[in-house]
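Please work through each task before reading its solution.

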Amino acid sequence: MERFYLTTAIDYVNGHPHIGHAYEKILTDIIARHYKKRCDDVYFLTGTDEHGIKIQKTSASKGMTPKELCDENANAFKETWKELEIDYNKFIRTTDDYHEDTVQKIFKKLVDNGDIYKHSYEGLYCNGCECFLNQKDLTEDGLCPNHMTKPEVVSEENYFFRLTKYKEAIIKHIKEHPDFIIPQFRANEVLNQLENIEDISVSRSINNVSWGIPVLDDDEQVIYVWIDALSNYITALGYNPSGESDENFKKYWPADVQVIGKDILKFHSIYWLAILMALDLPLPKHLLAHGWITIDEAKMSKSLGNVIAPVDILKHFELENADALRYYMASSAPCGKDGNYSDIDFKEQVNAHLANSMGNLLNRTLSMLVKYFDGEVKPEFKTNSAILNTAKNTIDIVKDCFDKFEVSEAVNAINNLVDTTNKYVTDNAPWTLAKEEKMTECGQVLTTVLDIMCVIASLIEPYCPNIAKDMAKQLSFDLNTKYDNLTCDNIKCGKLISKEDIKPVFLRVDSELADKSQKKK
Ligand code: MSP
């Protein structure tokens, strides 16, 4: 694998980032970090979606210009991603000049090709979705099922995109590529939606929406947000619809995976595919549609007052970095299913897995190595114990999971290895072996565990980069090792560690026993 390009949805900037936005960025960052261990060139794009009626209305209600609101909130997103260690390569804002310029050219190309035409229209517009809805999409009370608001009746002359022209080709693509939409069960939903698709409006009258990219050669219309938004995935790479594209575009497009929420799968699996087909561009290899995060099992909403900002969780639990939150979010739901955040569950999960099972395993093993062998690994401690095969298999299982973008399933595999290793320690009781003066056997058990801990550090690193770094330091293990070169023979013979260099890699959250001063070391 030479290069890997992945993207997230770009977030609306009419508010600040919440835990739902964060979930998606964390998942994508973990996938990016995993693939960095499998190929040399990973490119990760994220950003913000800044045009449309929602931004226009929110900014007006705050007495700000749309651009002022966008600048303020885009910054809040960037700040949050920094706190969460979202290590993207590029952050695109749809108000960036180069993006606006290319979107105008894309639109013009589609008009010139006859894929976009002008048409009078009356429809039901949901400001929350930023799209027209069909009567049959609404609830019994005539509300948008996503936002529970009544759509506005809008009567306009708009530009329309010939979506229907691409219907059969899209159906064929989805049917012939069963792993295009992940999880696969969502593909049926999309195929059902495709049954009744119509051409879609892709512009708005400037009288109704002024905050958008103007259509070239038509002052009366602005480009409808989804053509603007979806194009970000190629404008960010320097796609040029009317000439030579940049090197990045040639190198990275098509995307290996585009990570989005289930609510916007229709836009990506139908509209985006049709736009790419109309531009005669290759299609992304996979769309990963993740589920939604609820808070204490309730849908997050401003009216319920339960919207949680990720940085507030870090502050609340006095966490030094985002590892625990990243770990928790990544394991909160099976691939594509909905997940939930609750303070209590967060505490329980990270304490059980990161502190008790994984952290303690390393800590007590290193402590025994110091106690019995003054921290030294002798050549005769190296074995071919069967459990090393289990560790080796886990590397393959985790890679298989990531081939399918099963981020939480991969965590389960890592946790299984931790549990198996803990059981191995209990079963082999190195403290008893030491008491019986079976020192070689004792050293072998400890060294086997430490060899496995290197594998665990490597596999957990995409989720918990700081914990993994602390583990690797105490194990003198090179975390940059690519998965293809990762073996179960990682610990070098000789003095590994001294007592004063052993430190817990994760302190229990909110524990009175946790010596907070240790964190400062
Ligand atoms: N701007 C559009 C996306 C355009 S992509 C070309 C948009 N923005 S959004 O801010 O509403 O959502 C951004 C992403 O966050 C979407 O993938 C959405 O599914 C995700 N989430 C928003 N709330 C969420 C939860 N409560 N839980 C999980 N993800 C959620 O849609």
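Rings of Phe, Tyr and Trp (its six-membered ring) pair if their centres lie within 6.5 Å; planes under 30 degrees apart count as stacked, over 60 as edge-to-face and the rest as tilted. The model is predicted: local features need pLDDT of at least 70, side-chain atom pairs count only at pLDDT 80 or more, and totals for chains, interfaces and linings use all residues. Numbering runs from 1 along each chain as its sequence is written, and side-chain values use heavy atoms, without hydrogens and water.

**Exercise 1.** Determine how Y125 and F132 are arranged.

*Solution.* Step 1: the whole structure contains 24 aromatic pairs. Step 2: among them, Y125 and F132 lie 4.9 Å centre to centre with 80° between the planes, an edge-to-face pair. Step 3: Y125 has 2% relative accessibility and is therefore buried (under 20% relative accessible area; exposed is over 50%, partly exposed in between; 1.4 Å probe, protein chains only). F132, at 13%, is buried.

**Exercise 2.** Identify backbone atoms in polar contact with the ligand (N or O pairs within 3.5 Å).

*Solution.* Step 1: a backbone N or O atom of G261 is 2.9 Å from a ligand oxygen atom. Step 2: a polar backbone atom of I293 lies 2.8 Å from a ligand nitrogen atom. Step 3: for G20, a backbone N or O atom is 3.4 Å from a nitrogen atom of the ligand.

Methods
A polar contact is a pair of N or O atoms within 3.5 Å; within protein, one must be able to donate a hydrogen and the other to accept it, and residues adjacent in sequence count only if both atoms are side-chain atoms.
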